[in-house]
Amino acid sequence: MTQSIDQILTAALQQRREQSRYRRRLTLESATGVQARVDGRDYLLFCSNDYLGLANHPALVQAMRKAAADFGVGSGASHLVCGHSSEHHALEERLAELTGRDRALLFSTGYMANLGIITALVGRGDAVFEDRLNHASLLDGGLLSGARFQRFAHNDIDSLGQRLERSDAERKLVVVDAVFSMDGDQAPLQELAGIAAGHNAWLMADDAHGFGVLGARGRGSAEHQSIGQDELPILMATLGKALGGFGAFVAGSEALIETLIQFARPYIYTTAMPPAVAAANLAALELLDREAWRRDQLQTNIAYFKRGAEALALPLMPSETAIQPLLIGADALALQCGAALAQRGILVSAIRPPTVPEGTARLRITLSAAHKSQQIDRLLSALADLDLAQANWAGFR
């Protein structure tokens, strides 16, 4: 008997529910921040990537309002038609200056940036090597490129080296997350650059979770690990996390940027971000320079949480960044823990496969410079009541 499309899809959806992997959206009803109203209830948020607390900053709001008054709402076209405004241009120039690269190029989202970069640089007959825990956008870009796609063991230089040694491709691209979004650990960029150079390969890093946060001046993982354009020729980062805005960029040489303008399809065929958004992003970059205390406070909050979690013997995964995952293991258990925290008015994301490997479901806790110590204490108290130290579920005591 022939099944309809809805019957086939409904069966697949039911299977996902039975696996405790069904995703549900929450509806935000206020400005985002460490406290927000979601689905009619006020929550304390430990799941946002607004690491510096800039998403609702008055300077960003004012910059967007002014630019909207001057430029309107939409950009009207792609960058290569008539959508590239003076606000976009100023933002690109500032990003190039801040990252110490020759030029920068804006993309509407990080996902599109990664697809565009990888598919423009490698194709059939080439090779792309990716860390096993890379973000989905990087993996998808590698697969869509048509290049021979290989994954190496997480942060394992020897594993990468073995694969590079066996490759005879003319173009070889090594791709990593600079800060891994679900684990919070960092790629060893210096070592990766060394082995890439030794095999005539190019290194690309996605610094979505490092830019604005890491480095003495908040320039990101490249500054933090003292690696320049020659060693890391392809630097990508987003503007919707630590910067509190929206969009993404890639920074590098003149030849790289011109190549992407000519060959990166997600750039060529996408309407440019609204000029008002570009203006808000530019305002955030100015705050990045003026308000270094935000990075300092974030580091203080990270250390405070880690001390508290370790004192409670919570199953904290090794991370020095704002991403602090608690390893739970079973998918259903992670969901139950997240639901129990929500009952206490605390939102933490329960991350399950396929986003993370099988058997590693977790609570992905993210910290912000805007969190107060009392709010972190409230989270720690709720986690203590979950009895996670014993790695079993008994609900709240």
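Reader: Where does Asp 230 sit?
Author: In this predicted model, Asp 230 is placed in the loop between helix H9 (221–224) and strand E8.

Reader: Is that residue buried or exposed?
Author: Asp 230 counts as exposed, because its relative accessibility is 73% and the cut-off for exposed is over 50%.

Reader: How far is Asp 230 from Trp 202?
Author: Their C-alpha atoms are separated by 9.7 Å, while along the chain the two are 28 residues apart.

Reader: Let us follow the chain into E8. Which way do the residues of E8 point?
Author: Ile 234, Met 236 and Thr 238 point one way, and Leu 235 and Ala 237 point the other way. In a regular strand, side chains alternate between the two faces of the sheet.

Reader: How many residues of E8 are buried?
Author: Five of the five are buried, so E8 is largely enclosed by the rest of the structure.

Reader: What does E8 pair with?
Author: Strand E7 (residues 202–206) pairs with E8 in the parallel sense over three bridges. Strand E9 (residues 248–252) is joined to E8 by four bridges and runs antiparallel to it.

Reader: Which residues stand opposite each other there?
Author: Met 204 stands opposite Ile 234 in E8. Leu 235 has Ala 251 in E9 as its bridge partner.

Reader: And E7, is it parallel or antiparallel to E6?
Author: E6 and E7 run parallel and are joined by five bridges. Within that pair, Leu 173 stands opposite Trp 202 in E7.

Reader: Which strand pairs with E6 besides that, over four bridges?
Author: Strand E4 (residues 127–131) does, in the parallel sense. Ala 127 stands opposite Lys 172 in E6.

Reader: How many residues of E6 are buried?
Author: Six of the six residues of E6 (residues 172–177) are buried, and the strand is mostly covered. On one side these are Lys 172, Val 174 and Val 176, and on the other Leu 173, Val 175 and Asp 177. The buried set thus includes Lys 172 and Asp 177, both of which count as charged.

Reader: Changing topic to Gln 150: where is it, and is it buried or exposed?
Author: Gln 150 lies in strand E5 (residues 148–152). It counts as buried because its relative accessibility is 11%, and buried means under 20%.

Reader: What does Gln 150 touch?
Author: Leaving out residues up to four places away in sequence, Gln 150 touches Val 128, Phe 129, Glu 130 and Arg 163.

Reader: Now the pockets. What is the volume of the largest one?
Author: The largest pocket has a volume of about 1100 Å³. Its lining has 35 residues, and Arg 24, Ser 349, Ala 350, Ile 351 and Arg 352 lie nearest its centre.

Reader: Which elements give two or more residues to that lining?
Author: They are helix H5 (110–121), strand E8 (234–238), helix H14 (331–343) and strand E12 (349–351). The largest share, four residues, comes from H14.

Reader: How does that lining divide by class?
Author: There are 15 nonpolar, 11 polar and nine charged residues in the lining of the largest pocket.

Reader: And the second largest pocket, what lines it?
Author: The second largest pocket, with a volume of about 350 Å³, is lined by 15 residues. Leu 133, Asn 134, Pro 354, Thr 355 and Val 356 lie nearest its centre. The lining holds eight nonpolar, four polar and three charged residues.

Reader: Last topic, the largest nonpolar core. Which residues touch the most other members?
Author: Phe 305, Leu 363 and Leu 383 do, in a core of 63 residues. Helix H12 (residues 275–290) gives the most to this core, with nine residues. In soluble globular proteins, nonpolar side chains tend to be buried together.

Reader: What does Phe 305 touch?
Author: Not counting residues up to four places away in sequence, Phe 305 touches Leu 316, Gln 324, Ile 365, Leu 367, Ile 376, Leu 379, Leu 380 and Leu 383.

How values were computed
Residues numbered from 1 in each chain as written. Predicted model: local features only at pLDDT ≥ 70, side-chain atom pairs only at ≥ 80, totals over all residues. Heavy atoms only, no water. 1 Å grid on protein atoms, 1.4 Å probe; cavity = no way out; pocket = protein on both sides within 12 Å on 5 of 7 lines; lining within 4 Å. Points joined across faces, edges and corners; volume = space filled by probe spheres on them. Buried < 20%, exposed > 50% of the residue type's maximum accessible area, 1.4 Å probe, protein only. Pairing = 2+ DSSP bridges. Core = buried A, V, L, I, M, F, W, Y, C linked by side-chain atoms within 4.5 Å. Contact = heavy atoms within 4.5 Å.
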